[in-house]
Amino acid sequence: MATTALYRTFLREAKQMSDYNFRNYAIRRVKTGFRKNVVLQGDEASVALQQAQQQLELLRRQAVLGKLYPSARSVMESPTAVV
């Protein structure tokens with residue numbers, strides 16, 4: 001149960017990233033990290049959860065820094081004009 005909540009929190013925080021490339025990298029990294037660690041049990045799982053909490057705090061700091069120093073919108077984010 002705690003793992004699912006942590007996963008959702010990670011995705012929510014990753015979507016807060018202002019830069020398109022960083023945001024997509026963070027989302028992709030979260031998904032692959034959780035898929036890789038789905039087989040862990042016992043002490044390994046608790047250690048992985050502690051490391052995930054540290055990574056979540058890092059992701060939150062990164063999102064705040066991204067908001068403080070915004071960059072130009074990516075071409076991928078701009079709406080396309082149909083000609």
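Predicted model: local features only at pLDDT ≥ 70, side-chain atom pairs only at ≥ 80, totals over all residues.

Colleague: Fine. How many helices and strands are there in the protein?

Modeller: The protein has 3 helices and 0 strands. From the N terminus on, the order is α-α-α. The radius of gyration is 15 Å, well over the 12 Å that the globule rule gives for 83 residues, so the protein is more spread out than a compact globule.

Colleague: What box do the C-alpha atoms fill?

Modeller: Roughly 55 × 30 × 15 Å, taken along the principal axes.

Colleague: And what share of the contacts with a separation of 6 or more comes from residues 24 or more positions apart?

Modeller: Those residues account for 74% of such contacts in the protein.

Colleague: On to charges. How many salt bridges does the structure hold?

Modeller: It holds 2 salt bridges. In one of them Arg60 pairs with Glu13, with the closest N and O atoms 3.6 Å apart. That pair links distant parts of the chain, since Arg60 is in helix 3 (residues 43-68) and Glu13 in helix 1, 47 residues apart.

Colleague: Which residue forms a salt bridge with Glu57?

Modeller: Arg60 again, with the closest N and O atoms 3.2 Å apart. Glu57 and Arg60 both lie in helix 3, 3 residues apart, or about one turn of the helix. Shared partners join Glu13, Glu57 and Arg60 into one network of salt bridges.

Colleague: Is Glu13 buried or exposed?

Modeller: Buried, because its relative accessible area is 18%, which is under the 20% cut-off. Arg60, at 32%, counts as partly exposed, and so does Glu57, at 36%.

Colleague: Different spot: where is Asp19, and what is its nearest side chain of opposite charge?

Modeller: Asp19 sits in the loop between helix 1 (2-14) and helix 2 (20-36). Asp19 is buried yet has no salt bridge, and the nearest side chain of opposite charge, Arg23, is 7.4 Å away. A polar atom of the Asp19 side chain does lie 3.2 Å from the backbone nitrogen of Asn21.

Colleague: Last one. What does Ala26 touch, leaving out residues up to four places away in sequence?

Modeller: Ala14 and Leu59. Ala26 is in helix 2 and counts as buried, at 9% relative accessibility.

Technical notes
Residues numbered from 1 in each chain as written. Heavy atoms only, no water. Helix = DSSP H or I, 4+ residues; strand = E, 2+ residues; numbered from the N terminus. Buried < 20%, exposed > 50% of the residue type's maximum accessible area, 1.4 Å probe, protein only. Lys, Arg positive; Asp, Glu negative; His and termini not counted. Salt bridge = Lys/Arg side-chain N within 4 Å of Asp/Glu carboxyl O. Polar contact = N/O pair within 3.5 Å; in protein donor to acceptor, adjacent residues only side chain to side chain. Rg over C-alpha atoms; globule rule 2.2 N^0.38 Å. Contact = heavy atoms within 4.5 Å.
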